Number of protein chains: 2
Amino acid sequence: MKLHGYFRSGAAYRVRIALNLKGVEVEHVPHHLRKGEQKAEAYLKLNPQGLVPALELDDGTVLTQSLAIIDWLDETHPLPPLVPGTPIEKAKIRGFALAIACDTHPVQNLGVLKKLRALGHSEAEANAWAADVNHDGLASCEILLAGTSGPYCFGAVPTLADVCLVPQMANARRFGVDLTPFPRIVAADAAARAHPAFAAAAPDLQPDAE
Amino acid sequence: MKLHGYFRSGAAYRVRIALNLKGVEVEHVPHHLRKGEQKAEAYLKLNPQGLVPALELDDGTVLTQSLAIIDWLDETHPLPPLVPGTPIEKAKIRGFALAIACDTHPVQNLGVLKKLRALGHSEAEANAWAADVNHDGLASCEILLAGTSGPYCFGAVPTLADVCLVPQMANARRFGVDLTPFPRIVAADAAARAHPAFAAAAPDLQPDAE
């Protein structure tokens, strides 16, 4: 299998972590998003949406959307489960992951910042927008973990919640967000980053890192 | 169970459709988003995030995030399955649903348009942003259905893909997006809206519709 990604893409980072947690090795194919390589003709033939990540299976099937890829991985490689527990526990894990994947990440990604610049906003204004979105999204995440136990988001093992949290925290730090109001997610993020599957997926360790 | 929603919320609309497809009856509790009722003290006690939809179970548990609620519903009420098929077929359905739920809906919702107005943009500029986002998101959706058969997004029965498509198409029409370049999703949307479960969930038929 080939994972088409970019070292700094938060969505690709999620898939790298999930692959590592499952012990699944893939070939990594980087596409430089800031240089627009995801819109190159050869890549568009593979994934007409021009987005990363995309997982290219050995039979040529291409799967898109990080959470759909991760659900596929969880179904085809069940251990360890990334969304464990009772139906309600699963819904809490998914609710946390989607608070990041729907309400936070898409509203601060490259495409949105590009649209803001096109409307005449400065780099500082675009970055302030991204910082606000990260702050508000992570404030929700902190609330969603009220009453849960650590060290990870939902207890003793990492789940899809941690898979989504760690890349978003990296973004928040990059945009200069003050994380001190969010001690529970700061602790969960630190615990997860110390886990080998998360550590090996870090952007700075990828071959295309700058 | 109680579904906390708002007639025009696309995310609440998804959950209404899913509940109808499963034949699950709930009490509908509307919160007027444009009047800020989702930030009222009593509601924040229930859902500190101040978002709709939220599904309040009979034991008091509150589930948030439309797709997490729908996955919970699909697990606890398996028939008809909303994400049917092989692991790859499931990943295609989920990929389509997430192209809407992550890449489209959050970038054109009330919160983002409010942020644009706060930056000094006119109502017309905010609406143009929303129309662009809907156009681009639905263009991806049209591509994702290439090679699939109808009448629904992924064949003979409605799935999570249709549950996400119909509310987004309603938004796109509201923002004046020209849908003629997207015949496949226009046809799938029409087929789904003719289905009783989708028809009964339409915003205009809800008790809080204006």
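Modeller: Welcome! Before we start, two strands count as paired if DSSP finds at least two bridges between them. Please keep in mind that this is a predicted model.

Biologist: Thanks! Do β1(A) and β2(A) run parallel or antiparallel, given the bridges that join them?

Modeller: There are 4 bridges between β1(A) and β2(A). Pairing needs at least two bridges, so these strands pair. One place to look is G5(A), which stands opposite P30(A) in β2(A). The direction of the two strands is parallel.

Biologist: And which hand does the crossover from β1(A) to β2(A) have?

Modeller: Follow the chain out of β1(A) and you pass through helix α1 of chain A, residues 10-22. From that helix the chain goes on to β2(A), which makes a β-α-β crossover. Its hand is right-handed.

Biologist: Now to the other partner: which residue of β3(A) is the bridge partner of K2(A)?

Modeller: Strand β1 of chain A (residues 2-5) is joined to strand β3 of chain A (residues 54-56) by 3 bridges, and the two run antiparallel. Within this pair, L3(A) stands opposite L55(A). For K2(A), the bridge partner is E56(A).

Biologist: What is the order of the strands in the open sheet of chain A?

Modeller: The sheet has 4 strands with mixed pairing. Its edge strands, each pairing on one side only, are β2 (27-30) and β4 (62-64) of chain A. From one strand to the next, the twist averages 25°. Put together, the order is β2-β1-β3-β4.

Biologist: How many residues does the largest nonpolar core have?

Modeller: In general, nonpolar side chains in soluble globular proteins tend to be buried together. Here, the residues with the most contacts inside the largest core are A97(A), L165(A), A97(B) and L165(B). Another core lies apart from it, with 12 residues that include L116(B) and W129(B). The number of residues in the largest core is 112.

Biologist: Which residues does L165(B) touch, leaving out those up to four places away in sequence?

Modeller: L165(B) is one of the residues with the most contacts inside the largest core. With those up to four places away in sequence left out, its contacts are I100(B), C141(B), C153(B), I185(B), A188(B), D189(B) and A192(B).

Biologist: Finally, from which element comes the largest share of the side of chain A that touches chain B?

Modeller: The contact takes 31 residues from chain A and 31 residues from chain B. On chain A's side these divide into 18 nonpolar, 7 polar and 6 charged. Elements that each supply at least two residues there include β4, α3 (66-76) and α6 (123-144) of chain A. The largest share, 9 residues, comes from α4(A).

How values were computed:
Residues numbered from 1 in each chain as written. Chains lettered and ligands numbered in written order. Predicted model: local features only at pLDDT ≥ 70, side-chain atom pairs only at ≥ 80, totals over all residues. Axes fitted to C-alpha atoms, helices over the stretch in contact; angles between N-to-C directions. Core = buried A, V, L, I, M, F, W, Y, C linked by C-beta atoms within 7 Å. Buried ≥ 20, exposed ≤ 12 C-beta atoms within 10 Å, placed from the backbone. Contact = placed C-beta atoms within 7 Å. Right-handed = clockwise from strand over helix to strand, strands pointing away. Nonpolar A, V, L, I, M, F, W, Y, C, P; charged D, E, K, R; others polar.
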